[in-house]
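Open the model in your viewer and keep the selection tool at hand. This tour goes stop by stop.

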Number of protein chains: 2
Amino acid sequence: MKLTLDDLHDYVRGAAFLGTGGGGDPYIGRLLLKQEIEDGRHPTIIDPEELDDEARVATAAAMGAPTVMLERFPKIESLEAALETLQKRLGHKFDALIGAEAGGINGTLPLIAGARTGLPVVDADGMGRAFPELQMVTYNIYGLSAAPVVMADDHGDRVVVEAGSNKKVEAYARSVIMAMHGQAQIALYAMTGAEAKRSAVRNTLSMALDIGRAISAARRGNADPVQGLLEHLRARADKRFAAELFTGKIVDLARETRAGFAFGHVRIAGLGPNGGDCEIAFQNENLLAKRDGEIVAMVPDLICIVDGETAEPITTEGLKYGQRVRVIGVSVPPIMRTKEALAVFGPRCFGLDMDFEPIETLLG
Amino acid sequence: MKLTLDDLHDYVRGAAFLGTGGGGDPYIGRLLLKQEIEDGRHPTIIDPEELDDEARVATAAAMGAPTVMLERFPKIESLEAALETLQKRLGHKFDALIGAEAGGINGTLPLIAGARTGLPVVDADGMGRAFPELQMVTYNIYGLSAAPVVMADDHGDRVVVEAGSNKKVEAYARSVIMAMHGQAQIALYAMTGAEAKRSAVRNTLSMALDIGRAISAARRGNADPVQGLLEHLRARADKRFAAELFTGKIVDLARETRAGFAFGHVRIAGLGPNGGDCEIAFQNENLLAKRDGEIVAMVPDLICIVDGETAEPITTEGLKYGQRVRVIGVSVPPIMRTKEALAVFGPRCFGLDMDFEPIETLLG
């Protein structure tokens with residue numbers, strides 16, 4: 001499967017949806033990928049099943065505060081340099097790239113790196129969405145080591161991090177990010193094809209493209225794009241549960257940047273006299289949705305805020321007082337709901353004092 | 001030359017003197033080295049001239065805040081692990097070790113690593129004293145690269161730093177130190193024998209031992225130990241200028257820990273009615289000495305505060321109100337006073353708005 005210029009808006013819109021409010025502004029990723037495709041370099045996307053068990057696969061990503069990336073676009077040469085340094089370090093070439101997160105800008109970067117290096121990009125990632133930390137990936141959950149992590153800045157500097165646990169790798173890498181002025185391109189989670197097939201969240205790149213296409217198709221057909229999106233999600237082979245959780249107007253918005261993260265919450269008031277309200281808490285990504293005080297969805301299930309009319313996904317930075325929005329909840333696949341997975345990116349990992357309950361149970 | 005148990009107090013006292021107030025409490029280094037020697041592992045010290053031009057040499061050191069090291073002694077296994085990782089990274093074994101700084105605890109650590117690995121330790125270092133940052137070494141000044149720098153913590157974690165300049169290596173490594181809870185053992189400045197001979201400050205380990213011995217000898221002979229020390233320094237083959245700058249009582253002491261450094265100043269009042277005063281500013285190490293308002297010595301020349309009676313060196317952390325102390329100034333060798341050297345550890349590198357003037361000129 002080749003990604004074309006026509007697919008770009010749809011793909012990036014879908015990646016933004018999977019970002020569930022976080023993962024960085026996908027606009028940057030679109031600009032960078034557009035450049036590659038216009039220059040004749042089309043990324044090739046392959047199904048995980050196409051990977052040989054012995055294939056050498058690695059993850060490429062941008063690390064840092066999304067706000068910094070808006071000011072200084074991720075430099076693709078640095079991402080390539082990180083991959084090259086990791087190859088040199090490991091003593092072998094890579095056969096394919098795989099994403100760390102499907103949501104936000106990191107949904108696009110592996111495709112850009114794939115376009116430039118000619119390496120195919122696996123239709124899969126380690127989050128099925130966006131998460132704020134390096135160890136919050138299924139690769140970690142299912143036993144792979146992030147290290148060695150090569151961090152490259154835009155001035156030719158490299159820092160290689162190895163540590164006893166992926167959580168400590170995250171801590172060291174995060175401290176280096178500060179010294180690298182808030183951003184680095186990184187290569188990590190070198191794995192085999194067999195490991196990728198065992199641990200990745202599958203078909204999330206094609207899912208992003210399909211989500212974007214479903215929204216576009218509904219818009220073109222003068223249908224309600226949120227309805228079009230929900231119908232598509234419910235019809236998928238991976239049997240996602242999807243529901244519109246709320247529709248209304250933003251009446252309260254609190255954001256605070258702390259320790260490199262955007263913490264906050266947004267309150268949406270229903271329209272009409274019996275409108276009720278919906279409150280969503282976020283740490284970069286949307287974590288918890290309450291409707292009239294009752295929990296209706298929680299991390300790692302997807303809680304996505306979209307424009308009330310166009311269904312365009314809105315990042316937490318893009319939320320504005322008075323905006324008319326709709327909130328969509330989507331289930332995540334079983335690989336992201338195991339005990340092991342919830343120990344790494346379940347509600348308690350974000351300071352929420354509750355056990356995970358699936359969205360379909362909460363709404364059932 | 002072998003270092004024996006009898007030499008230990010003298011050697012460590014001399015290293016503390018060369019620390020000019022900084023470099024960490026040498027007491028820790030003495031305990032650790034004593035253990036090695038008692039276990040039958042004596043470090044061997046060789047003259048730089050004994051190094052083959054092609055010999056593979058590396059630097060081993062502790063990095064971090066001295067106060068943290070007092071709470072958690074540097075773990076020697078981690079220092080060995082850092083050296084091993086660096087060897088693996090470079091693809092060759094080392095033939096000898098060389099110090100980063102002669103002053104303070106890092107004057108002892110290469111000897112401990114040498115005792116454990118069986119590698120000889122070169123009688124030389126990169127500072128001829130103590131300085132607070134990785135790039136403030138003659139190795140950097142005379143063209144060698146600190147990178148790759150292997151940082152090892154006490155839990156098996158490793159971070160390898162490479163960067164476009166040694167100053168940036170310092171910045172990245174410093175950020176990792178924070179995540180490593182204030183301390184790491186590091187291996188860096190891998191160099192050849194020829195490079196070591198060209199760039200190192202020579203015979204600083206034997207100088208530390210000689211300084212300690214001169215103080216001990218005077219004490220045993222009921223002579224004034226400061227006089228004994230000055231006579232020794234003046235009689236050395238490397239023609240050091242040495243003078244007692246002041247004697248008195250500490251009447252003012254200001255210390256502030258900021259950005260991982262101990263900044264401050266100490267004021268010493270002369271004894272008797274026409275005693276005058278002496279003020280010394282420090283950033284970890286003593287930087288500038290003024291006598292009755294006139295500058296009498298400045299970095300990189302050595303400004304050492306010692307106990308008024310015993311001539312025991314006092315670190316900046318050890319200074320106390322009311323203490324009777326004497327201040328000794330010593331010149332550094334020409335390799336530390338070139339234009340290139342002063343650009344890296346001259347007065348302006350510590351925020352002092354003045355050109356370097358040698359102590360012998362200031363007092364001349």
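**Before you start**

This is a predicted model: local features need pLDDT of at least 70, side-chain atom pairs count only at pLDDT 80 or more, and totals for chains, interfaces and linings use all residues. Residues are numbered from 1 along each chain as its sequence is written, while chains are lettered from A and ligands numbered from 1 in the order in which they are written.

Helices (H or I, at least four residues) and strands (E, at least two) are DSSP runs, numbered from the N terminus.

**Stop 1: strand 6 of chain A**

Select residues 149-152 of chain A, which are strand 6. Both of its faces are covered. A:Val149 and A:Met151 are buried on one side, A:Val150 and A:Ala152 on the other. Buried means that 20 or more other C-beta atoms, placed from the backbone, lie within 10 Å of the residue's own.

Two strands pair if DSSP finds at least two bridges between them. Which residue of strand 7 of chain A is the bridge partner of A:Val149? Pick A:Val161. The hairpin of these two strands has 5 residues between the strands, and A:Gly156 there takes a positive phi near 85°.

Next, show strand 8, residues 183-192 of chain A. It is antiparallel to strand 6 of chain A too, with 3 bridges. A:Ile186 in strand 8 stands opposite A:Met151.

**Stop 2: the open sheet of chain A**

Colour 7 strands of chain A in the order 14-13-12-11-10-16-15. They form an open sheet with antiparallel pairing. Its edges are strand 14 (294-298) and strand 15 (302-307), each pairing on one side only. Neighbouring strands are turned by 35° against each other on average, direction ignored. Axes are lines fitted to C-alpha atoms, for helices over the stretch in contact, and angles run from 0 to 180 degrees between N-to-C directions.

Zoom in on strand 10 (residues 242-258) and strand 16 (residues 324-330) of chain A, which share 7 bridges. Find A:Glu244 and, opposite, A:Ile328. Then select helix 10, residues 225-235 of chain A. It lies across strand 10, strand 15 and strand 16, at about 105° to strand 10 of chain A.

**Stop 3: helix 1 of chain B**

Switch to residues 8-18 of chain B. How many residues of helix 1 of chain B are buried? The count is 10 of 11. Among them are B:Tyr11, B:Arg13 and B:Phe17. The buried residues pack against helix 2 (26-38), helix 9 (204-220) and strand 15 (302-307) of chain B. After the helix comes B:Thr20, with a positive phi near 45°.

**Stop 4: strand 12 of chain B**

Select residues 277-283 of chain B. Strand 12 is largely enclosed by the rest of the structure, because 5 of its 7 residues are buried. Strand 11 (residues 261-270) of chain B runs antiparallel to strand 12, over 7 bridges. On the way to strand 13 of chain B, the hairpin has 1 residue between the strands, and B:Asn284 in the turn has a positive phi of about 60°.

**Stop 5: where the chains meet**

Show both chains. The contact (C-beta atoms, placed from the backbone, within 7 Å) takes 17 residues from chain A and 17 residues from chain B. On the side of chain A, helix 7 gives the most, with 7 residues. End on strand 7 of chain A and strand 7 (residues 158-162) of chain B, an antiparallel pair with 5 bridges. There, A:Val159 has B:Val161 as its bridge partner.

Conventions:
Buried ≥ 20, exposed ≤ 12 C-beta atoms within 10 Å, placed from the backbone. Contact = placed C-beta atoms within 7 Å.
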